[in-house]
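Please look over the sequence and the structure shown here, and then read the notes that follow.

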Amino acid sequence: MRELFDEVSGKSPIDPEEAVRRTTRGSRRKRFYARAGVVESPGGFAITLDDKPVRTPSGRALVAPTREIARAIAAEWEAQKEVIDPLTMPMTRLANSVADAVVDRVEAVTEDIAKYLGSDLLFYRAGHPEALVAREAALWDPVLFWAADTLGAHFILAEGIVHVRQPDSALAAARAALPADPWSIAALHVVTTLTGSALLALALLRGVLDYDQVWAAAHVDEDWNIEKWGVDEEVAARRAARLVDFRAAASVLKALSLGVG
């Protein structure tokens, strides 16, 4: 899988979702099946089309770890009309990324998430105006307090965007909290890259913040600018597209945390 480089942040994220998304671009295929379903399989719950197993772009069976996740994927296939549009199928794309880009390289994806801990969104604060400073603190401080109290990860805050090196002990403590199974780490990677914060992703995974709180915390500065200057339609469209993938990843994390089978 090709590594994708983020020149702006200096990170070089391995993006499983983008790797799979690239394979879905191009001409759309007509719907060729009457119904989508779910059947139990040795690896979990397989998605079927007219009782035939769905395959990922690399030819692997599309299998979910829980029935709830499998049903959500099948529902995306069922919702397709005359033409199949992969961009409207975030759960399917995530499932494909797990099978084709994560299962065989969990450690590499985990390390990519860990890179965000070195320059997490929550570390870099506005110096003014006071109302924005207070809003960032209200949304971000509870996550940092939780990381310190529960994970033993004590991070350093900075004003502005000048990079601050974080203590190795804090990075190691937060890194140790990352899950090891492919589905969790894939979903966590999606949340991390969409929010710019591995700590927000961990807070969602552990139930410290809910879906709405994480999304709001990730966009506190953007929402502040919207309140002051109004909505930019292009920015709003990109945010709406990101929200689709965020919802899918958050639903996977929730299903896995509940142990739904």
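**Two helices side by side**

The axes of helix H4 (residues 106-116) and helix H7 (residues 182-195) come within 10 Å of each other and cross at roughly 30°, and this makes H4 roughly parallel to H7 (a term for angles under 35 degrees). Axes here are lines fitted to C-alpha atoms, for helices over the stretch in contact, with angles running from 0 to 180 degrees between N-to-C directions. Helices (H or I, at least four residues) and strands (E, at least two) are DSSP runs, numbered from the N terminus.

This is a predicted model, in which local features need pLDDT of at least 70 and side-chain atom pairs count only at pLDDT 80 or more, while totals for chains, interfaces and linings use all residues. Residues are numbered from 1 along each chain as its sequence is written, and side-chain values use heavy atoms, with hydrogens and water left out.

**The contact of H4 with H7**

- In contact, meaning heavy atoms within 4.5 Å, Val106, Val109, Thr110, Asp112, Ile113 and Tyr116 of H4 meet Pro182, Ile185, Leu188, His189, Thr192 and Thr193 of H7.
- Sorted by class, the contact of H4 with H7 holds seven nonpolar, four polar and one charged residues, where Ala, Val, Leu, Ile, Met, Phe, Trp, Tyr, Cys and Pro count as nonpolar, Asp, Glu, Lys and Arg as charged, and the others, Gly among them, as polar.

- The protein chain has eleven helices and eight strands, and of its 261 residues, 46% count as buried (under 20% relative accessible area, with a 1.4 Å probe and protein chains only).
- Among contacts in the protein chain between residues at least 6 apart in sequence, 62% join residues at least 24 apart.
- Leaving aside neighbours within four places in sequence, Phe155 is in contact with several residues, including Leu117, Phe123, Leu144, Leu171 and Leu199.

- Asp85 lies in the loop between strand S6 (83-84) and helix H3 (90-102), counts as buried at 14% relative accessibility, and touches Arg28 and Gln80 when residues up to four places away in sequence are not counted.
- Ser97 has its place in helix H3 and counts as buried at 1% relative accessibility, while its C-alpha atom is separated by 9.2 Å from that of Trp183, 86 residues apart along the chain.

Technical notes: Angles under 35 degrees count as roughly parallel, over 145 as roughly antiparallel, 65 to 115 as roughly perpendicular and the rest as oblique. Buried means under 20% relative accessible area, exposed over 50%, partly exposed in between (1.4 Å probe, protein chains only).
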